[in-house]
Amino acid sequence: MKFQVPIGPQHPALKEPISLRMTFEGEVITDADIRLGYNHRGIEKLAEQKTWIQNIYLTERICGICSHSHTSCYVQGVEKLMELEPPRRGLYLRYLVAELERVHSHLLWLGVAGHEAGFDSFFMYTWRDREVVMDLLETISGNRVHYAINTIGGVRRDIDEQQKAKILEGVVTLRERSEYYFRIGASEPSFVGRLAGVGKLPKERAIALCAVGPTTRASGVGIDVRKEDPYAVYDELDFEVPVSDSCDVLGRVVVRVKELLESYKMIEQMIRKLPDGPVAVKAPRRAKPNEVVSRYEAPRGENIHYIKSAGGDKPERLKVRAPTLGNYPATVEMLKNGFIADIPLIFAAIDPCICCAERTVTLVSARTGEETVVTMSDLRRRAKARDSQASLKRNAVWPF
Amino acid sequence: MAVLRTLLYLVVYPGLVFLFVYSTFAEWFDRKVYARLQNRMGPTHTGRSGLLQPIADFVKLLCKEDVVPEAADKTLFNLLPIFGLAVVATAGLLLPVWNFSLAASSPASFAGDIIVVLYLLSLPTLILFLAAWSSTNLFSTIGGARVLTMLFGYEVPLFLAVLSPAILANSWRLAEIAAFYQRRPVLILANLLGFVIAVIAVQAKLERTPFDIPHAETEIVGGTLTEYSGKKLALFRLMADVEMVVASGLLAAVFLGGFPGGALLGFVYFVVKTLFVIFLLSLLRAMTSRIRVDQVVSMAWRYLAPLAVLQLLIVILLKGFLS
């Protein structure tokens, strides 16, 4: 029996709207189709109307989890455009927050993976321990989610000895807990039985489909911008890129937990090596006409910002390639021949950030399934026409 | 007078009112244990330590809008929740905690009542399947198919495991089986393996993690009960609670030596022993992750069924050795 099931745009497994159109035969997936465009916010267009400084706070809002990744990526690029050299202390603090953010993002993902697999105890435990790193981020920046610590030419806040001690203390707890999760994730039979062999992505397919981040590293490809193209402070730090050869969801769990342990190592090194001096330099208001590509290893994979300046106080163009977008083609490949029960796991295993990857809206006719591209003014005209021709007039009155 | 007594038996104790109160308490206990194992608080707000929370949830669901899908088979869709609750409540009447008298065989305690309880406990599975099928929702249909697929896995091991103590006790009457093990408590140990199998199978029957596959929310939304809302959903939830109480009561009667000591002491035993079984069920729920439906069937036939046969063999050999 062949049938189609719409997973999304509204579905309990999805935290954000996206449509996965699955074709099943019995419990086995034969075809998968991903549809985007339910959460488009027009951020790239908005960025063209805001100044360099204002855009930091805009890019921060591209993602609710790796907010610092997007600002860092943007700020790195703008600093290159403006030929600014941020002070060492500022850079150390920026990437200290980046690693703490990776820790919080991976712990969050572990919980989500546990929940999608129906292992709610794991979810509750990881999210409890995530509070430790959230508190650390709050002591550094004053905020739990949107840290707003980056500025062009450095960071906005310094840390003192007391905060340093607190971070080191927190890292000890987190390391202990992460090792415990590693043991659970690799040994609890029902959990391993659910994850092992699910969502296979062979090495050559991972390379061919340009997958990024932990998804590729779990397929045995050790790509990591921090190692390959070390930006700012990463060439001064001692760390490894965890790789797994199992090519399945279990491998993605293992890679992420190992990455957590590497991040703790980096955090400790950065706190110990933290140089003295100012945290920021003053940035000019305008950038010379030029273009730049900035790469950054976000928790979900490689984040790329392309920034073009026309010489004014606003960017001419800001193009964001969020890591999730790079992983979609691989996801379709992973979903095929899986079971219904594996859909949420496979999809969650790329750690999707749906709103990060929204760039377009497609207009699909509900009757014929025909897709069209329309301009905004045309869309508005059609909406007005439809309203005037509607047989039933709704006299909706704004109550206030 | 006899009519009044029967009426009280059916409606008040141990009938609907008592089962309602006790099953909501059992649900509270389960939720609280599950929450504490997960480092959460569980219900705290309604009543002392949240004791009234399940009742509040039930009342809330009763007040909610009740939607029947256009395409659904309306008669079946409307009748099944009531039928399901009636079936499990009937099974509850047969437990040997209120029919402890061995001498008189009554309508609620007779030779073969263990089979009737098992049969009545199998019916909710079919009712859930029919409910899923009659609601015509795609997710429900998948859930319904999963309910039946799982049934093929756990039902045989459950029957084998529950019937082996009965074979050792040489009786098919719950009260007599319990009395047998009360006389010779050491023999309870012979059925330990069967108890473990039965707890796992009951967990599957109650569709709780790791067997919550028919209503796995991250995969198929509400699963079997996607289209149910309001009163009908409330009845189905109550059905699941009563089923949990009856199933744990059955396990306590068969494997844990029943409920000795007459009406009052027997009742205390009933509460303690059922809560113990529910505690084990909650523990299992907190410690595991949901598995796939094909894994349930293969696990049941690869491990549970052979072990249940082994238990049967142990019991038969032991019986020959004792006589």
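Cys63(B), by contrast, is exposed, because its relative accessibility is 64%. The model is a predicted one, in which local features require a pLDDT of at least 70 and side-chain atom pairs a pLDDT of 80 or more, while totals for chains, interfaces and linings use all residues. Residues are numbered from 1 along each chain as its sequence is written, chains are lettered from A and ligands numbered from 1 in the order in which they are written, and side-chain values use heavy atoms, with hydrogens and water left out.

A disulfide is a covalent bond between the sulfur atoms of two cysteines. With a disulfide defined as a pair of cysteine sulfur atoms within 2.5 Å, the search of the whole structure returned 0 disulfides over all chains. Cys63(A) accordingly takes part in none, and the nearest cysteine sulfur to it, at 3.3 Å, belongs to Cys353(A).

Chain A contains 14 helices and 10 strands, where helices (H or I, at least four residues) and strands (E, at least two) are DSSP runs numbered from the N terminus. The C-alpha trace of chain A spans about 70 × 55 × 50 Å along its principal axes. Of the 400 residues in chain A, 55% are buried. Contacts, defined by heavy atoms within 4.5 Å, were also examined by separation in sequence: among those in chain A between residues at least 6 apart, 70% join residues at least 24 apart. Chain A exposes about 17500 Å², and 53% of this area is supplied by carbon and sulfur atoms; the areas come from the Shrake-Rupley method with a 1.4 Å probe, and for residues only the protein chains shown count as cover.

Within chain A, helix H2 (residues 52–60) has buried residues at Trp52(A), Asn55(A), Ile56(A), Leu58(A), Thr59(A) and Glu60(A). Among the elements covering these buried residues of H2(A) are helix H1 (43–47), helix H3 (67–81) and strand S7 (301–309) of chain A.

Val97(A) lies in helix H4 (residues 88–116) and counts as buried, because its relative accessibility is 0%. Apart from neighbours within four places in sequence, Val97(A) contacts His68(A), Leu137(A), Ile140(A), Tyr147(A) and Ile149(A). The C-alpha atom of Val97(A) is separated by 9.6 Å from that of Asn150(A), although 53 residues along the chain lie between the two positions as their separation. Lys164(A) belongs to helix H6 (residues 161–187) and is also counted as buried, at 13% relative accessibility. With neighbours within four places again set aside, Lys164(A) is in contact with Ile159(A), Ile271(A) and Leu274(A).

Chain B comprises 12 helices and 0 strands. Its radius of gyration is 20 Å, close to the 20 Å given by the globule rule for 323 residues, so chain B is as compact as a globular protein of that length. The C-alpha trace of chain B spans about 60 × 55 × 40 Å along its principal axes, and 55% of the 323 residues count as buried. In chain B, 78% of the contacts with a separation of 6 or more involve residues 24 or more positions apart. The accessible surface of chain B is about 13600 Å², of which 73% belongs to carbon and sulfur atoms.

Backbone geometry was then examined. Most residues other than glycine have a negative phi, and most peptide bonds are trans. Cys247(A), in the loop between helix H10 (225–228) and helix H11 (249–273) of chain A, has a positive phi near 60° and is buried at 11% relative accessibility. Asp351(A), which is not a glycine, has a positive phi of about 55°; this residue lies in the loop between helix H13 (343–349) and strand S9 (363–364) of chain A and is buried at 5% relative accessibility. In chain B, the peptide bond from Thr209(B) to Pro210(B) is cis, with omega near 5°, and Pro210(B) is located in the loop between helix H8 (192–205) and helix H9 (217–220).

Terms used. Buried < 20%, exposed > 50% of the residue type's maximum accessible area, 1.4 Å probe, protein only. Rg over C-alpha atoms; globule rule 2.2 N^0.38 Å.
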